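Dear colleague,

Please find below the structure I am handing over to you.

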Amino acid sequence: MLNKAKIITGGLTMAAVGVLSIGSAEAATAATAPAACQANQLNVTVGQIDAGAGQRYAPLRLTTNGAPCTLTGYVTDARFIARDGSALPTKASKAPDTVTPTTLSAGHGATVTLHWSGVPADDESVDQAPPAYLTFRVPGGSHDLTVRWPDSPTYQHGQLDFGAFH
């Protein structure tokens with residue numbers, strides 16, 4: 001929209017022309033959106049397990065330990081780790097979910113729902129020790145995050161399903 005105004009100053013007449021532009025809310029938001037979260041600015045915990053009918057669910061919760069940042073998408077490179085530090089079988093897969101950017105800031109984190117089986121496969125022992133840790137990366141991240149795994153075996157050869165960050 002073009003605005004024209006006449007300004008009179010000490011007997012001189014000047015024409016002032018200004019341009020008023022109205023941008024979209026999306027453009028304004030994109031310009032001010034926090035950068036993608038990196039491992040060194042995150043704290044991570046696994047919440048209480050919800051169990052039933054052989055299924056196990058728990059929230060993986062991430063919070064920022066500093067400046068706001070954004071997570072979009074899914075956990076990557078998920079691996080179970082034994083108490084001795086060795087890698088355990090892990091078959092991580094993405095559950096169908098809606099992917100939207102989630103901004104982490106003081107008092108507002110992101111959660112991913114984790115799902116695994118409490119029932120061993122035919123070739124697994126019911127006495128299988130649980131993993132000690134879950135290691136993973138955030139979308140676009142190049143460094144691992146490690147969280148203590150709850151005292152729950154991960155049967156079906158380490159099958160772990162997870163949703164997107166919300």
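On a 1 Å grid over the protein atoms alone, a pocket is an open set of points where a 1.4 Å probe fits, with protein on both sides within 12 Å along at least five of seven lines, and its lining residues have an atom within 4 Å of a point. The model is predicted: local features need pLDDT of at least 70, side-chain atom pairs count only at pLDDT 80 or more, and totals for chains, interfaces and linings use all residues. Residues are numbered from 1 along each chain as its sequence is written, and side-chain values use heavy atoms, with hydrogens and water left out.

The largest pocket holds about 150 Å³ of space, a volume being the space filled by probe spheres set on grid points joined across faces, edges and corners. Its lining consists of A82, R83, L88, P89, E124, Q128, A129, P130, P131, T154, H157 and G158. By class, six of these residues are nonpolar, four polar and two charged. Here Ala, Val, Leu, Ile, Met, Phe, Trp, Tyr, Cys and Pro count as nonpolar, Asp, Glu, Lys and Arg as charged, and the others, Gly among them, as polar.

Helices (H or I, at least four residues) and strands (E, at least two) are DSSP runs, numbered from the N terminus. Although H157 is not a glycine, its phi is positive, near 60°. H157 is partly exposed, with a relative accessible area of 31%; buried means under 20%, exposed over 50%, and partly exposed in between (1.4 Å probe, protein chains only).

D77, in strand β7, likewise is not a glycine and has a positive phi, of about 50°. D77 counts as partly exposed because its relative accessibility is 44%.

Strand β7 belongs to an open sheet of three strands, ordered β7-β11-β12 with antiparallel pairing; two strands pair if DSSP finds at least two bridges between them. The edge strands, β7 (76-81) and β12 (145-148), each pair on one side only. β7 and β11 (residues 133-137) are joined in the antiparallel sense over four bridges, and F80 stands opposite L134 in β11.

A search of the whole structure finds one disulfide, a disulfide being a pair of cysteine sulfur atoms within 2.5 Å. C37 is joined to C69 with an S to S distance of 2.1 Å. C37 lies in the loop between α1 (25-32) and β3 (42-46), and C69 in strand β6 (residues 69-71), 32 residues apart. Both cysteines, C37 and C69, are buried.

Yours sincerely
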